[in-house]
Amino acid sequence: MHGEYKVTGGKLVVVDLDTRDGVLRDVAVAGDFFLEPDEAILAINRSLEGAPADTDAAGLAARIDAALPPGTTMYGLTSEGVAVAVRRALAHATDWNDYDWQLIHEAPQSPALHMALDEVITAEVASGRRPPTLRVWEWGAPAVVIGSFQSLRNEVDPAGAERHGITVVRRISGGGAMFIEPGNTITYSLSVPDALVQGLSFADSYAYLDDWVLGALGDMGVKAWYQPLNDIATEAGKIAGAAQKRVVADDGAVLHHVTMAYDIDADKMLDVLRIGREKLSDKGTKSAKKRVDPLRRQTGLPREAVIERMIASFRSRYGLTEGRVTDEELARAQELAATKFATEEWTARVP
């Protein structure tokens, strides 16, 4: 069995192993990390040899830590990262390069239709009828997108939303509210097979699925990192928030979507969103205007150029062919938008 895992902010860890009589055998850890002293790699392999195959990642990491020689130094490697690679090997997890990725980047759509397209496309990936898909959104109208479990009245000021012509929609994933203006926002979705995140904890899957965009931002001169649980941050402030939804039908799939602030009208946002003091204090700032630092200022690039570079970065890493929403997918999404995502019943399901 073979497992791979790129440590968040670090290097690739590769584990090859077998199982016999319910325990790990022939464990071999490798990768492009740095490790001192040399014999530490042998200690890691020995610590995993004979471990029960159902040991969770925390238990495997503890075995590694206990076996490391005194003074061991790891660069780009953690015991937790090795443990995750082991769990991914045991789960027969797939890798990004195992798939033929498809890009969807089409004309602007209404907020409700975007919510529906996420649900339909991810279900298609779960069924095997569609390859793993990167969908870059274009917004047809300004919107506030609230999380699946958020209270509508706690998050949105209806008078402010009406004053600024803001459509309020509820998505299928959890997380917080997103303030959207078409020319100021970059949003994308990854609809991926469940096998891609096998062996990862829920939190680890966020970092794993965000890694490519951190590289893309780095290529544009933006030093960004994953900030648990679902933010992408820089030294200048937060630039993006992610959310996920798991589909358990068929072979399973994961929807991972990210909204990035290219630019932002902070006064308008504060007029529409009810951002409480507790949320702001949790982010370590007294001003909502300081919570988000737009990409326009950090990259100096037009929005379209940022999107083009993101797509090019993904393509260079994993390959990416041009695709489209099929007529059948669009028809299903339009029906779902009308009967679910554009209805008061769904939007106010948590009043």
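Four bridges join strand β12 to strand β13, and the two run antiparallel; strands here are DSSP runs of E with at least two residues, helices are runs of H or I with at least four residues, and both are numbered from the N terminus. Two strands are said to pair if DSSP finds at least two bridges between them. Within this pairing, Gln-227 stands opposite Asp-231 in β13. The model is a predicted one, in which local features need pLDDT of at least 70 and side-chain atom pairs count only at pLDDT 80 or more, while totals for chains, interfaces and linings use all residues. Residues are numbered from 1 along each chain as its sequence is written, and side-chain values use heavy atoms, with hydrogens and water left out.

From β13 (residues 231-234) the chain passes through a hairpin of two residues into β14, and these strands pair in the antiparallel sense over four bridges, with Thr-234 having Gly-237 in β14 as its bridge partner. Strand β14 (residues 237-247) is largely enclosed by the rest of the structure, because eight of its eleven residues are buried, where buried means under 20% relative accessible area, exposed means over 50%, and partly exposed lies in between, with a 1.4 Å probe and protein chains only. Strand β14 also pairs with β15 (residues 253-261), again in the antiparallel sense, over eight bridges, and the partner of Arg-246 in β15 is Val-254. The hairpin of β14 and β15 has five residues between the strands, and Asp-250 there takes a positive phi near 55°.

These strands belong to an open sheet of eight, in the order β12-β13-β14-β15-β11-β7-β6-β16, with mixed pairing. Its edge strands are β12 (224-227) and β16 (321-322), each of which pairs on one side only. Helix α4 (residues 111-127) lies across β6, β7, β11, β14 and β15, and runs at about 145° to β15; angles run from 0 to 180 degrees between N-to-C directions, and axes are lines fitted to C-alpha atoms, for helices over the stretch in contact.

Which residues does Gly-174 touch, when those up to four places away in sequence are not counted? They are Gly-147, Ser-148, Phe-149, Ala-243 and Gln-244, contact meaning heavy atoms within 4.5 Å. Gly-174 lies in the loop between β9 (167-170) and β10 (178-180), and it is buried, with a relative accessible area of 19%.

Elsewhere, a separate set of strands forms an open sheet of three in the order β1-β2-β3, with antiparallel pairing. The edge strands are β1 (2-6) and β3 (23-31), each pairing on one side only, and neighbouring strands of this sheet are turned by 20° against each other on average, direction ignored. Strand β2 (residues 12-20) pairs with β3 over seven bridges in the antiparallel sense, and Arg-25 in β3 is the bridge partner of Asp-18.

Finally, helices α2 (residues 57-67) and α3 (residues 79-90) pack at an angle of about 130°, with their axes 8 Å apart. They are therefore oblique to each other, given that angles under 35 degrees count as roughly parallel, over 145 as roughly antiparallel, 65 to 115 as roughly perpendicular and the rest as oblique. In this contact, residues of α2 including Leu-60 and Ile-64 meet residues of α3, among them Val-82 and Val-86.
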